[in-house]
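Here's a quick tour for anyone opening this one up for the first time. Have a look around, then read on.

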Amino acid sequence: MRLSRRALLAATTAATAFSSAPPASAARHPQRLHTGFERLLANGYAQLDGQRVGIVTNPTGITRDARHIVDVMHADDRVNLIAVFGPEHGFRGTAQAGGSEGRYDDPATGLPVYDTYLKSGRPLADIFTASDVDTVVFDIQDVGARFYTYIWTLYDCMEAAQLAGKRFVVLDRPNPVTGRAAQGPVLHKEFATFVGRQPISQAHGMTVAELARLFNGEFLAAPVALETVLMTGWKRSEFSDTSGLPWVPPSPNMPTPDTALVYSGTCLFEGTNLSEGRGTTRPFELLGAEGVDGRWAAAVGELALPGVHFREAYFAPTFSKFQGRTIGGVQIHVHDRAAYDPVRTGIALLVTAKRVWSGFAWRSDNWIDKLTGSTQVRTAIDAGAGPDEVVAGWQEELAAFRATRREYLLYR
């Protein structure tokens, strides 16, 4: 089954002009990067010709001059856009974490907007059927972490499109924290939730088009009719600020590319009783709790982790944990992002926080296990393991995932 799927995917890619690898000359010039949408537009929406189109997107679905692609497509007679599908936080991005915008008609375009958040399988397929689309398009900026829910919106929509008999087209965008390597623990299927549906690593190092191919070839019960419109001019080693594209916060607590850089490690603090910096201007870069003092920054600083410094910090979150109370902790300062390992850094911060602060506790629902994908991290830290020992515990599974991942990479 796996071999035939991969052969089918390879044939589909070869038959689609947009799915060719980016030219070497373009890859040498980051300013020449063109997103999947830019290439689709440049070809007059040829891949959508004669189709009733619906698009899964959010505020990150923009052009280089910061226009939303829904507004651009709606105004263009060459494409028949008839529906929009909103993920967590909503199509226009008005909802906080764990929320969505519901079903409404978009005031700017009059298009019906359907809510996909927390919907999957047959109920989501029924939404695609009711919308009367022929093709579902996906264009959302990911940030490279397994627990960022947009990639599982991608997965759920691919599954639902297959059930509803719809085509599925992914418009690719850069991974803002590079596509150099997969890092961190791999999800165990018994811990699957909306922050991790399938066994991929905590920092996957892939673009959404690459993930879509991986999902189709490895995880979906039946593959969807998938097409990908790739970028040109993107290299795996490039960070978001080399792209020339404007940064739009993919969610309310992802304000800058710096947030994305640390997120795949420090989001683990959602599984503890410490603040992960929500309610500050530096979420996921500021971490802390009442009773934490400078000993934490000193302890993690002594580990001499590559590419990062830690500053003793005090702050008062405006919402979420410790709302309105001044707490102590650390601020993360990445000084060499090429050397920085966000997942190992996140583990080191957990280990040292538990050692220096007697009030440290995991969330009572063991949410940390859902974030890391198994009990391994929590139980190792509770047993007194150091960062290197914790990280060693997932290397065999990570190596297996890296081998699988390699087959679906599309860029150099």
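Is Thr109 buried or exposed? Thr109 counts as buried, because its relative accessibility is 12% and buried means under 20% relative accessible area, exposed over 50%, and partly exposed in between (1.4 Å probe, protein chains only).

Before going further, keep in mind that this is a predicted model, in which local features need pLDDT of at least 70, side-chain atom pairs count only at pLDDT 80 or more, and totals for chains, interfaces and linings use all residues. Residues are numbered from 1 along each chain as its sequence is written, and side-chain values use heavy atoms, with hydrogens and water left out.

**How confident is the model?**

- The chain averages a pLDDT of 93, where pLDDT is the predictor's confidence in each residue, from 0 to 100.
- A score of at least 70 is reached by 92% of the residues.
- Residues 1–30 have a pLDDT below 50, and this stretch has 60 contacts in the model beyond near neighbours in sequence; contact means heavy atoms within 4.5 Å.
- Where pLDDT is low, the predicted coordinates should not be read in detail.

**The seven-stranded sheet**

- Helices (H or I, at least four residues) and strands (E, at least two) are DSSP runs, numbered from the N terminus, and two strands pair if DSSP finds at least two bridges between them.
- Seven strands form an open sheet with mixed pairing, in the order β3-β4-β2-β1-β5-β6-β9.
- At the edges sit β3 (104–105) and β9 (225–229), and each pairs on one side only.
- Inside that order, β5 (residues 135–139) and β6 (residues 167–171) pair in the parallel sense over four bridges, and Val137 stands opposite Val169 in β6.
- Helix α5 (residues 121–131) packs on the sheet and touches β2 (80–86), β4 (112–115) and β5.
- The direction of α5 makes about 155° with that of β2; axes are lines fitted to C-alpha atoms, for helices over the stretch in contact, and angles run from 0 to 180 degrees between N-to-C directions.
- Helix α6 (residues 150–164) lies across β1 (52–57), β5, β6 and β9, and runs at about 155° to β6.

**Back to Thr109**

- You'll find Thr109 in the loop between β3 and β4.
- A polar atom of the Thr109 side chain lies 3.2 Å from the backbone nitrogen of Leu111.
- Leaving out residues up to four places away in sequence, Thr109 touches Val70, Asp71 and His74.

**The three-stranded sheet**

- There's also an open sheet of three strands with antiparallel pairing, in the order β10-β12-β11.
- β10 and β11 (308–315) stand at the edges with a single partner strand each, so one side of each has no neighbour in the sheet.
- Direction ignored, neighbouring strands of this sheet are turned by 25° against each other on average.
- β11 and β12 pair in the antiparallel sense over eight bridges, and Phe315 has Ile327 in β12 as its bridge partner.
- Helix α10 lies across β10, β11 and β12, running at about 50° to β11.

**A helix tucked inside**

- Helix α8 is largely enclosed by the rest of the structure, because eight of its 10 residues are buried.
- Among those buried residues are Leu261, Val262 and Tyr263.
- The buried residues of α8 pack against β8 (201–203), β10 (286–289), β12 (327–334) and α10.
- Thr256 caps the N-terminal end of α8, with a side-chain oxygen 3.2 Å from the backbone nitrogen of Asp258.

**Cysteines and a tryptophan**

- How many disulfides are there? The count comes to zero, taking a disulfide as a pair of cysteine sulfur atoms within 2.5 Å.
- Cys157 is buried, with a relative accessible area of 0%, and Cys267 is buried too, at 1%.
- Trp234 lies in the loop between β9 and α8 (257–266), and counts as buried at 2% relative accessibility.

**Two residues with positive phi**

- Most residues other than glycine have a negative phi.
- Leu118 isn't a glycine, yet its phi is positive at about 65°; Leu118 is in the loop between β4 and α5 and counts as exposed at 58% relative accessibility.
- Asn366 isn't a glycine either, and has a positive phi of about 50°.
- Asn366 is in the loop between α10 (342–356) and α11 (367–372) and counts as partly exposed at 27% relative accessibility.

Terms used: Polar contact = N/O pair within 3.5 Å; in protein donor to acceptor, adjacent residues only side chain to side chain.
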